[in-house]
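Here is a short report on the sheet, the helices on it and the ring contacts. Have the sequence and the model open as you read.

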Amino acid sequence: MDFGIAGKTALVCGASKGLGLGCAQALVREGVNVVIVARGADALQAAAAQLSALRAAGTGAAAPFVKHVAADITTVEGRAAAFAAHADYDIVVTNAGGPPPGDFRDWDRDAWIKAVDANMLTPIELIKATVDGMAARGYGRIVNITSSSVKSPIDILGLSNGARCGLTGFVAGVARTSIAAKGVTINNLLPGAFDTDRLKGTMQGTAKKTGQDIDTIRAARARTIPAGRFGTAEEFGATCAFLCSMQAAYITGQNVLTDGGAYPGTY
């Protein structure tokens, strides 16, 4: 399906690997110009090379450009670097690594501020910086990669639960203001268990703690998902690209859960 967004320009955060890279790949396939941002310069450069190869192999009418900016998007300087690479974005995909798990009794004020800054305030700053320009041009898509814990909170992920739920509440309000009538949508994309380095790292930690092998842990976790498997970054990216499409113009202020049916009681 042609999503009708060829020639648009997207800022994709945290796109050096995993779900962020999956979103960037899906947008490039649609002919979108992409600026990817992440902190790790080497991984980011490798991701940019992949996207450039994907662009070169494309058969669409548009020939998108791919730029990469090695910066911390959670800082003022990082956001300035992203907007120096391109001024007017039509699509923004916000994405920040989740805060560490733990017991809330152990988290001090600095831990909370860091979590809120990365997972709530940074997306809000990016929305603030782009939404009026999008409205003036008559098209805009903002997709915030959050977490399935927004729908089904996880006790050891209190930092993530709190910060991401704050963003969810903000988006629920701002998405329903006058920008909705000007072609601008804001939605949250909530991943469940996807086959990424983060999931593998979590399983390795479990293996070290329990003495079980990785394959056993992986199989047991997959059995808890009705779909019987983990999601892929490509699937996640395709959902992101759809939310950015012309066909999704009537979807705004929503929390789109992509979890293979893993979270009962959510609807």
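A charge sits over a ring if NZ of Lys or CZ of Arg is within 6 Å of the ring centre and within 35 degrees of the ring normal. Lys67 lies over the face of Phe65, 4.8 Å from the ring centre. Lys8 places its charged end over the ring of Tyr139, at 4.4 Å from the centre.

This is a predicted model: local features need pLDDT of at least 70, side-chain atom pairs count only at pLDDT 80 or more, and totals for chains, interfaces and linings use all residues. Residues are numbered from 1 along each chain as its sequence is written, and side-chain values use heavy atoms, without hydrogens and water.

**Aromatic pairs**

Rings of Phe, Tyr and Trp (its six-membered ring) pair if their centres lie within 6.5 Å; planes under 30 degrees apart count as stacked, over 60 as edge-to-face and the rest as tilted. The whole structure holds four aromatic pairs. Two of them are listed here.

| Pair | Centre to centre | Angle between planes | Type |
|---|---|---|---|
| Trp107 and Trp112 | 5.8 Å | 90° | edge-to-face |
| Phe194 and Phe236 | 5.3 Å | 80° | edge-to-face |

Buried means under 20% relative accessible area, exposed over 50%, partly exposed in between (1.4 Å probe, protein chains only). Trp107 is buried at 14%. Trp112 is partly exposed at 32%. Phe194 and Phe236 are both buried.

Helices (H or I, at least four residues) and strands (E, at least two) are DSSP runs, numbered from the N terminus. Phe194 lies in the loop between β6 (184-191) and α6 (197-210), and Phe236 lies in helix α8 (residues 233-243). The two are 42 residues apart, so this pair links distant parts of the chain.

**The sheet**

Two strands pair if DSSP finds at least two bridges between them. Seven strands make an open, parallel sheet in the order β3-β2-β1-β4-β5-β6-β7. Which strands stand at the edges? They are β3 (66-70) and β7 (255-258). Each has a single partner strand, so one side of each lacks a neighbour in the sheet. β6 and β7 pair in the parallel sense over four bridges. Pro191 stands opposite Thr258 in β7.

**Helices on the sheet**

Contact means heavy atoms within 4.5 Å. Axes are lines fitted to C-alpha atoms, for helices over the stretch in contact, and angles run from 0 to 180 degrees between N-to-C directions. Helix α3 (residues 76-85) packs on the sheet and touches β1 (9-13), β2 (33-38) and β3. The direction of α3 makes about 160° with that of β3. Helix α5 (residues 158-174) also packs on the sheet, touching β5 (140-145), β6 and β7. The direction of α5 makes about 155° with that of β6.
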